Structures are given as structure tokens and as C-alpha cells.
Amino acid sequence: MNSPDPGERIQAIVAAGEQGRQEAVPLLVDRLEDEDEAVRFFAIESLEKLTGTSKGYRYYDPPGLRARAVRRWRSWLQARAGAATSQAAQMN
Amino acid sequence: MDDSWPERPSDAVDLSIPSEPRSLTVVRAAVERMAKMVGFGEPDVGQIILAVDEALANVIKHSYRGATDQPIRVRFQPTKGPNDCGGLLVLVRDYGKAVDPATIQPRNLNDVRPGGLGVHIIRSVMDEAEYSCPDSGGMQLRMVKYVRSEQAARG
């Protein structure tokens, strides 16, 4: 997903969504800030597939609006990571 | 690379792909997602994918004579049609052998030879399909399909 070639990034993003790879979610959130609009388009489509939400992100929004949506995604990732840590601690 | 390629509207998605069959996977994924986003349901989504597949197959076969390392540009763009219905505009651009657009005709279906049905499929599926020869060489295909009002009402 970090290939310098947008085509390869897109291939990886599409595969992650179609294969249900939850572990790719943080990487997909990174791709929401990609300079290539096609990469951003596929990234949010795969994220919606994996998480059921877009958090209001639209690949074609102006950079400021996209940045706000990306912050929502990162907050959600942090909360999700915190919940997973608590769950793991309770089980131990 | 190409000053005949129109400036990209903010909601359009441009793909630059090599002329290899593996590229069709990404294009199909883009068509499916963009078509659903615009408001198409099945079977229209499948038919649009088929039409775009045929357009790309024609580029690979005819414009590039099977070469798998040549550039193709594809644009997907939400658009509006008559009665303010939604639609999907697809541009397919190659830089290979150019032909007179007037000679690009659908095959006579009574002609039993295999192949050559791509243009027929494209013109059957899409509401608009127009070939042109940009000044910078190669060919460009502009295709548009509009959401039917009964589809739009279903949401």
C-alpha cells in the first residue's frame, strides 16, 4: 500500500477490502491522505467495506474537509486500539 | 503527457493503467463502486462493467495490437442527465493506432464470425458512446449512461 506506483497502491487497497483484512484498516486510513484521488477513492471504498462507515469522508472534498474526516478516522482508530487493549487486559 | 485530456473535475477519478489484463481488475472495481455511488443498481452495474471491459479489450487488441506495456487512461465521473437524473461518464484514452471514428461500427449480428461485438455491446449498454481522434494521437472513447428515473425513485 506504500508503493510509489499509484496503480500498485490501488491493487493492494482493493485486495484488502475484498479479502476482509481488518488489519489493513490503519493503512487504509493513511491512504485517505494520498495525493492521488483514485487511491483515496478506493481507500474509502475499502474502509466502508471493512468497517461499515465512511465517517463523512469524501475523496473529492477540499483538503480541509478531508483532513477533518481523517482526524475522525484517527480518533476512531485510537479508541478502537484502546478498547482492544482493555479487552486483552481483562482476559489476562 | 497529453494536453487533450480534459481537466479533471474534483469528483472524477482518473486511472492510468498499463494495457495488460491485470489492469482490468482495478478498472472493474472502480466502475462498480462509482456506478453504485451514482445510483445504478443491478443489472445496470454489471452491464456498465461489461461495456467498459469491452472498450478496454478493444484498446488492447486493436490500438495496441496485444502489447501489454502501453498506457491507457480511464476517467470515471459522476454526471447529470435529462430530468436531473444521475449518470456516469467514462472516458477511455489510448495513444496507439488511430482510426477514422466513422469506420467504427457495430458488427452485423447476422454475421456469424466470432468476435467484434465490443462496439455493439458498448452502444447497446450506454446511452452515449462517441469515438474521437485527439490531436495528440490515439483514440478517445466517451461513454455515458444515465440512471433511469424508476431506478432513482427506488434509491
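Modeller: A residue counts as exposed when its relative accessible area is over 50%, as buried when it is under 20%, and as partly exposed in between. The model is predicted, and every value below is computed from it.

With that cut-off, B:Arg22 counts as exposed because its relative accessibility is 52%. The partner of B:Arg22 is B:Glu20; the two form a salt bridge in which the closest N and O atoms are 3.5 Å apart. B:Glu20, at 23%, falls in the partly exposed class. Side chains of opposite charge can pair when their charged atoms come close.

Over all chains, the structure holds 13 salt bridges. Another of them is in chain A, where the side chains of A:Arg21 and A:Glu23 meet with an N to O distance of 3.3 Å. A:Arg21 is partly exposed at 29%, while A:Glu23 has a relative accessibility of 56% and therefore counts as exposed.

In chain B, a salt bridge joins B:Glu128 to B:Arg142, and here the closest N and O atoms are 2.9 Å apart. B:Glu128 belongs to strand E4 (residues 128–132) of chain B and B:Arg142 to strand E5 (residues 139–146) of chain B, so this pair ties together parts that lie 14 residues apart in sequence. Both are partly exposed: B:Glu128 has a relative accessibility of 29% and B:Arg142 one of 30%. A further group is a network, in which salt bridges with shared partners join A:Arg9, A:Arg31 and A:Asp34.

The surroundings include the contact between the chains, where 14 residues of chain B touch twelve residues of chain A. About 1300 Å² is buried between chain B and chain A, with carbon and sulfur atoms giving 63% of that area. B:Val13, B:Val26 and B:Arg33 supply 43% of what chain B buries against chain A, more than any other three residues. The count of salt bridges between chain B and chain A is one. That salt bridge pairs B:Arg8 with A:Glu37, the closest N and O atoms being 3.5 Å apart. Between chain B and chain A there are also two residue pairs in polar contact. On the side of chain B that touches chain A, strand E1 (13–18) and helix H1 (23–38) of chain B each give two or more residues. H1(B) gives the most, with six residues. By class, that side of chain B has eight nonpolar, one polar and five charged residues.

The whole structure contains four aromatic pairs over all chains. In one of them, A:Phe41 and A:Phe42 have ring centres 5.2 Å apart and planes at 80°, so the pair is edge-to-face. A:Phe41 counts as buried at 0% relative accessibility, and A:Phe42 is buried at 0% as well. A:Phe41 also forms an edge-to-face pair with A:Tyr59, at 5.1 Å centre to centre and 80° between the planes. This pair links distant parts of the chain, since A:Phe41 is in helix H3 (residues 37–51) of chain A and A:Tyr59 is in the loop between H3 and helix H4 (63–91) of chain A, 18 residues apart. A:Tyr59 is buried, with 2% relative accessibility. Ring pairs link A:Phe41, A:Phe42, A:Tyr59 and A:Tyr60 into a cluster.

Definitions and conventions:
Residues numbered from 1 in each chain as written. Chains lettered and ligands numbered in written order. Predicted model: local features only at pLDDT ≥ 70, side-chain atom pairs only at ≥ 80, totals over all residues. Heavy atoms only, no water. Contact = heavy atoms within 4.5 Å. Buried area = accessible area lost by both parts, 1.4 Å probe. Salt bridge = Lys/Arg side-chain N within 4 Å of Asp/Glu carboxyl O. Polar contact = N/O pair within 3.5 Å; in protein donor to acceptor, adjacent residues only side chain to side chain. Helix = DSSP H or I, 4+ residues; strand = E, 2+ residues; numbered from the N terminus. Nonpolar A, V, L, I, M, F, W, Y, C, P; charged D, E, K, R; others polar. Phe/Tyr/Trp six-rings, centres within 6.5 Å; stacked < 30°, edge-to-face > 60°. Buried < 20%, exposed > 50% of the residue type's maximum accessible area, 1.4 Å probe, protein only.
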